[in-house]
Amino acid sequence: MRVADLELDRLAQQVRRAGKRIDLTAKEFSLLEYLMSNAGRVLSRTMIIEHVWDHSFDGITNIVDVYVRHLRGKVDDAFDPKLIRTVRGVGYSIGHGVQP
Amino acid sequence: MINTGSLRLRITAWYAGLLAGTLIVFGASVYLGLERYLDWTLQRMLVAECRTIATQLLSQLPAKDAAWLATEINEAYAPEVNGLFIRVVDQSAGVVYLSGAPKDVTFDPGRIPFPRDKEMDGSRKLQFGSGNRLLIHSMTLTTPDGNRFIVESGAPYHQIEVVLHGLLLTFAIYMPFVVSLAVAGGYWLMRRSLQPVDEITKRAEGITSTNLSERLPVIRSGDELERLSISLNRMIQRLDNAFEHINRFSADASHELRTPLTILQLELEGMAQNHRSDAALGDQIGSALEETHRMSRIVESLLTISRLDAGEVKMDKSHLDLGELAASTAGEMKLLAEEKSLGLHLHAEPGVLVAGDRVRLQQVIVNLIDNSIKYTPVGGMIEIRVGGEGNCAVLQVSDNGLGIPAHALPHVFERFYRADKARSRASGGAGLGLSIVKAICAAHNGEIKVSSQEGRGSSFRVELPLLPVFANDGASAALREI
């Protein structure tokens, strides 16, 4: 899977950005995988929780935000353009050129 | 410590008091009756003596002399030996006979005054020295030859007093004994008859909102106690109905709110994604959406609690290892703890098996850990322990955070309760997380307890029925660290 210069290899469980390899934890990997397989779509926190965690984590306020922040630190902070986008009130989406 | 206000004690005291009163009245009437009877008997004896002396001895007097009379009287009555007083006076010739001093010397016959005119043919009482009293009967007799005699016969009260004294002593000794026996018996009887009330009290104490379907034992005594137990049961029935009604209402209300909320949310999400131009509008839509999400979460939680309380949720129960569940859940939440630099430690005994719904029990652990993270300041410590105690599987989540004030402690599991309104609102909770935990525990026939010291931290303890497969040999209990 590929979004701009971010590549995700499901089989090898590997992620590269601009050719550089990035180490992710299992949770971060599934989060990124879920975002990328719905690239361009905005995913709500509830959808993310039910997909990446499970229903019983719903209601914990900031688990998704914390993980997205960690994920951003690894795949976005050192690069341009920023790929992970926050949609206020809704959730997150990944994809370039949608909105800064 | 004896409770002086208790019914049992009061009734026993009344009982003892009444019995003592009755005994005193009874004793007094026996005493007075006996005294009068003995007095009367003594008087009768004296009258009979006088009459005998007068009719049988004095009638022969002109023929016999005074010495003969003395011998006759001494032989018949032996006044000195029997402590009696006898005097015969001839009004023209003076004292004809006077008995000697009694052998116990309680009176001196020579010093007894003659009866006054109004005391003739009657009785009089004389007092001697230290309380010796003498009852004397006198009788006048005129012989056919014109001589007038006065016959006197007396006996000391002493003997009557001995009898009465003995009676008094008997009362004094036995009455306290009888009364204390009655008190003990009365107390025991009261206890026996109040036993069923004790039983009802104990059972009533055990009835809470979670087991309102239970009823108290009905005492089939056909009296106040039976009516009491029946009334209490009816009251529990009404409470049960009221609770069910409330549950029904919140379940229906949250169910009805769900659909419009979902539609509202979808509309807002659509707007948020489609508008491109106006940043301020986007912000407003986002803010509205956040509130809608919060509302949905509250409605969902309420629905969950109401359904759990009503027993309508079908539990997908399977055998699961509580320690493993805690480990995986804590692992998922580790990052959240690290965000606040909190230490999250797990100590789990292996093989603590429970029958439960995996998702629901995970929710218990998630909510408890989430709660601890919220209320523990940066740098604190959260500890999760899982173990078996007796036939209980115990999961304990402790922290060294802010703690809960003592006045709030009994309320933390109530819906929408927040010890510190301002702070909790800021951290996003609606005050339902712990209510859900409690409802889930109850649905698993378990319990949740909380202990806390303000400023020192809190500890939540979940107890679930342990599956018997668990073999607790402490030696091999390995501890796991996440």
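Guide: Happy to. A cavity here is a set of grid points where a 1.4 Å probe fits but cannot get out. Rolling a probe the size of a water molecule over the atoms shows where empty space is left. Please keep in mind that this is a predicted model. By this rule, the count comes to 2 cavities of 30 Å³ or more.

Let's begin with the largest cavity, which holds about 40 Å³ of space. Its lining is made up of B:Leu322, B:Leu361, B:Val364, B:Ile365, B:Leu395, B:Val462 and B:Leu464. If you sort that lining by class, you find 7 nonpolar residues, no polar ones and no charged ones. Two elements of chain B, α8 (358–374) and β12 (457–465), each supply at least two of the lining residues. The largest share, 3 residues, comes from α8(B).

Now for the second largest cavity, with a volume of about 30 Å³. Around this one you will find B:Thr106, B:Phe107, B:Phe128, B:Asn132, B:Arg133, B:Leu134 and B:Pro156. Here the lining divides into 4 nonpolar, 2 polar and 1 charged. Strand β4 (residues 132–142) of chain B gives the largest share of this lining, 3 residues.

While you have chain B on screen, have a look at how two of its helices meet. The axes of helix α1 (residues 7–57) and helix α2 (residues 66–77) of chain B come within 12 Å and cross at roughly 140°. α1(B) and α2(B) are therefore oblique to each other, and their crossing is right-handed. On the α1(B) side, B:Glu49, B:Thr52, B:Ile53 and B:Leu57 take part, and they meet B:Trp68, B:Leu69, B:Glu72, B:Ile73 and B:Tyr77 in α2(B). The residues of this contact divide into 6 nonpolar, 1 polar and 2 charged.

Chain A has a helix pair to look at as well. Helix α1 (residues 26–37) and helix α2 (residues 45–52) of chain A pack at an angle of about 125°, with their axes 10 Å apart. α1(A) and α2(A) are therefore oblique to each other, and α1(A) passes α2(A) in a right-handed crossing. From α1(A), the contact uses A:Lys27, A:Ser30, A:Leu31 and A:Tyr34, while α2(A) brings A:Met47, A:Ile48, A:His51 and A:Val52. By class, the residues of the contact of α1(A) with α2(A) are 5 nonpolar, 2 polar and 1 charged.

Note on methods
Residues are numbered from 1 along each chain as its sequence is written. Chains are lettered from A and ligands numbered from 1 in the order in which they are written. This is a predicted model: local features need pLDDT of at least 70, side-chain atom pairs count only at pLDDT 80 or more; totals for chains, interfaces and linings use all residues. Side-chain values use heavy atoms; hydrogens and water are left out. Axes are lines fitted to C-alpha atoms, for helices over the stretch in contact, and angles run from 0 to 180 degrees between N-to-C directions. Helices (H or I, at least four residues) and strands (E, at least two) are DSSP runs, numbered from the N terminus. Angles under 35 degrees count as roughly parallel, over 145 as roughly antiparallel, 65 to 115 as roughly perpendicular and the rest as oblique. A crossing is left-handed if the near helix is turned anticlockwise from the far one by less than a right angle, and right-handed if clockwise. Contact means heavy atoms within 4.5 Å. Ala, Val, Leu, Ile, Met, Phe, Trp, Tyr, Cys and Pro count as nonpolar, Asp, Glu, Lys and Arg as charged, and the others, Gly among them, as polar. On a 1 Å grid over the protein atoms alone, a cavity is a set of points where a 1.4 Å probe fits but cannot get out, and a pocket is an open set with protein on both sides within 12 Å along at least five of seven lines; lining residues have an atom within 4 Å of a point. Grid points are joined across faces, edges and corners, and a volume is the space filled by probe spheres set on the points.
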